[in-house]
Structures are given as C-alpha cells and as structure tokens.
Amino acid sequence: MRKIYNHIAFKMGKREAQVAVYIPEGGNWQDIPLSVTDTRLSNIRATGGRTTYYGRLSWDKPSYTIATYFNRVGNGCNLHPSQNRVMSNREAARLQSFPDSFIFQGSKASQYKQIGNAVPPLLARFVSTLIKPYLTSYNFVDLFAGCGGMSEGFSMNGFNLIATNEIDKNIMLTNKYNHSKHTPEQNFILGDITKDDVKSALVNACNGYQIDVIVGGPPCQGFSYAGWRNPNDERNRLFKEFVALVKIIKPKFFIMENVPGILTMRKGEAFKEIVTAFKEIGYFVNNPLKLNAEDFGVPQKRRRVFIIGSTENITIAQPKALFSNEDRTLPHIVTVKEAIGSLPVIEDGGGALELELDLRQPSPYDLLMQGDITFEEFYNLQKENNEKV
C-alpha cells in the first residue's frame, strides 16, 4: 500500500456548502438558481463574471490555474469534480505536478500560498531541458524560491541545487524539508534579498562551485492581470536584485519566470527595462518564451513567461508543445481524472496528513507522481495510450 500526504480539504462555510450542491461537474456560477443569491453572486450576475467563479472541475479536462485561494468556492474552479468539497492540498499539488513525496509544511494558510504561487515542477523541468545541451555541469541557484517548485523541476532533470533564497520562514520550512537532501541546510538562505547580508550569504554559499544557472521568479503581483498592476509597487522592482546577483555570481544562464502581464506592463516599457538591465551586465537575452503548463505534462491551464539569458549568444527558440489534444502524434493533455482520480475519497473539511493510497489501476501520471517511472517513461506510456484510443 502506498502513502499520500497533505490530502486535507478546507471545510466550506455553511453558505458555500449550500451553493456548491447546485454546481455540476464542469459547471460554474451560471448553474446556481437565481433564487439563490447574495451580494457577491448578484455582482457576478450583473457584470458577467469569469466562468471559473464558483467552478467545479471536469474529470476529462485539465484544471484551471491553481491560485492561492483554492480553498474558497467562489474564487475559482476549486470544487472537486464529484465530491461536494473544495480540492484538497494534495489534489492541488498534483494539479501543479508536485510529486507525492513532496510534503508541505506550515499552517493551512501557508500551504495554500505555497502551492498556488509555485512554478509547476514539470514546467520547470521542461525549461531546464532547453538549456541543458549547452552545459557541461548543472549547478543552479534558486532565488525568490517559494516552496521550491523550480528547484524540484530542475532536480528532476539532473541539475544540482547549490543555494536558495526565500523571505517567508514558513514557506522556507517546506523548501528545506524537501530539498535539504540536495544541499546543506546552511545554503537555504532565509531573508530579504534586498539586504546586503542576505546577498553576501548567497554569494558565500556559492563559493567553490561553478554556478551554471540562476533561476527565480520575482514576486509578480504588480505584473499580474489578476493583481493590482501597480507600476509603483516595490515588488515590481525586485528584478533588479535578481540582476545584481547574476552580475556577481556570473552564471552561464539565468532564467526568470513571471506572469504574461510582465510583457505588457507600462505598454512594454517594464520588459524593455529588464532586458536592458541584463544586457548592461553582459548577457544576451532571448525573446520571452510564452508557455502553457498543460502543453508540457502539467494537468493545468497555467500560462507563464520565461526570460532566458546567457553569457554567449545562445538562441532559445519558442518550443513546441509536448502534449496536445489536436495533434494526434502527441500524447493528449493530462486530465484531472488522470491526476487525482485515484486519491482517497474524503469529506468536506476531512482528510489527513498521511493516508494510504490504493493504486490498483494507476494512470501513468499516478506512477510518475509516486516516483515509479521517469518522465520519459511517463511520456511514452501516454503516447501508447493515445494509439489505443
């Protein structure tokens, strides 16, 4: 019998539970009877809100973007496809492509934030394959690391984590718990990256190593379409701290991850500033890669931008999808059913930190998440399944 961790669902409020029963698989706020109303529903109905509000997942499709409030019914497509509850932390983690061995630490609120803000490991893994052919060693540093989605993906592809930085001590607990097997605990640098002592600690952790890649996703709230999009938000300037450490450590590559809004902020001027800053310290900057996680094995629609630069003029072209529902030569996009259909049934507000997992008929994605097969084996199994349909 296998184990599953963090399979715990937030208990819906009385009002949420009353509303949720009206929403079918794949449905949303439009399925709620007009006789059932409140201020929020009235506003959504009046303005024609997003179809993800009060949404319930579909078994035969990928999920929508997992956000930091996936514990709330009204904030997105967060209801389980068939059980009358919101998705559990482990279900959200699987939809983000975190392996089952990755155990989240800290409070419930912290875990929602960790999972929702993370880079999907399988997406990070794919991005690492784009630069690996140009390297002879694979040491990397992870900045603005969160719980470590980027580190997890790079480690899956044979890269070696040397040092990491995160400002939130609760989030760093998860990162350290899962990744201290890769690098000494003193190389998990907790603190504000704008402070000289934190930058010095990061540089010192790199001493004695050739650092090949610096990765990171500076906080994106100000860039996000869904956020405040405030050009004066100090978080929008944190990329300069990223640039400062790239200048000092001098990796062969840097990879900066962010939301698509970074490309259009201030009519494109913000992105031009980022490119100029890297060029001024001697880096060639590629055209930004616009990626959707579902195209690369993640059972989730999640659009992100990756900015890749190098000390040499190495061009990384926009990659082709690995998964598709249109191209029959490719495996189909991973569905919610394949991702979480095997997980134990739990009640609203139920679940446990550790549960037994009965995998009598595992999907290839189950096997990948359990660590039984490699990504390459998973990919080939998915292609074989396509041919049988």
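Me: What makes up the lining of the second largest pocket in this predicted model?
Reply: Strand E1 (2-8), H5, helix H6 (149-156), helix H12 (364-369) and helix H13 (375-388) each supply at least two residues of that lining. The volume of the second largest pocket is about 310 Å³. Its lining has 18 residues, and Pro99, Met156, Leu368, Gly371 and Ile373 are the closest to the pocket centre.

Me: Why is the set of 63 residues called a nonpolar core?
Reply: The name applies because such a set consists of buried residues of listed nonpolar types, joined through side-chain atoms within 4.5 Å. The largest nonpolar core has 63 residues, and those with the most contacts inside it are Ile131, Phe154, Val213, Ile255 and Phe306. Helix H5 (residues 121-131) gives the largest share of this core, seven residues. Apart from it lies another core, of 33 residues, including Val198, Leu202, Cys206 and Phe271.

Me: What is valine 213 in contact with, leaving aside its neighbours within four places in sequence?
Reply: Its partners are Ile131, Leu135, Asn139, Phe140, Val141, Phe154, Phe159, Pro251, Phe253 and Ile255.

Me: Why are residues of helix H4 (residues 108-117) called buried?
Reply: Buried means under 20% relative accessible area, and Ser110, Gln111, Tyr112, Gln114, Ile115 and Gly116 are buried in H4; these six names therefore stand for residues under that cut-off. The buried residues of H4 pack against E1, helix H3 (89-95) and helix H7 (169-179).

How values were computed. Residues are numbered from 1 along each chain as its sequence is written. This is a predicted model: local features need pLDDT of at least 70, side-chain atom pairs count only at pLDDT 80 or more; totals for chains, interfaces and linings use all residues. Side-chain values use heavy atoms; hydrogens and water are left out. Buried means under 20% relative accessible area, exposed over 50%, partly exposed in between (1.4 Å probe, protein chains only). Helices (H or I, at least four residues) and strands (E, at least two) are DSSP runs, numbered from the N terminus. Contact means heavy atoms within 4.5 Å. On a 1 Å grid over the protein atoms alone, a cavity is a set of points where a 1.4 Å probe fits but cannot get out, and a pocket is an open set with protein on both sides within 12 Å along at least five of seven lines; lining residues have an atom within 4 Å of a point. Grid points are joined across faces, edges and corners, and a volume is the space filled by probe spheres set on the points.
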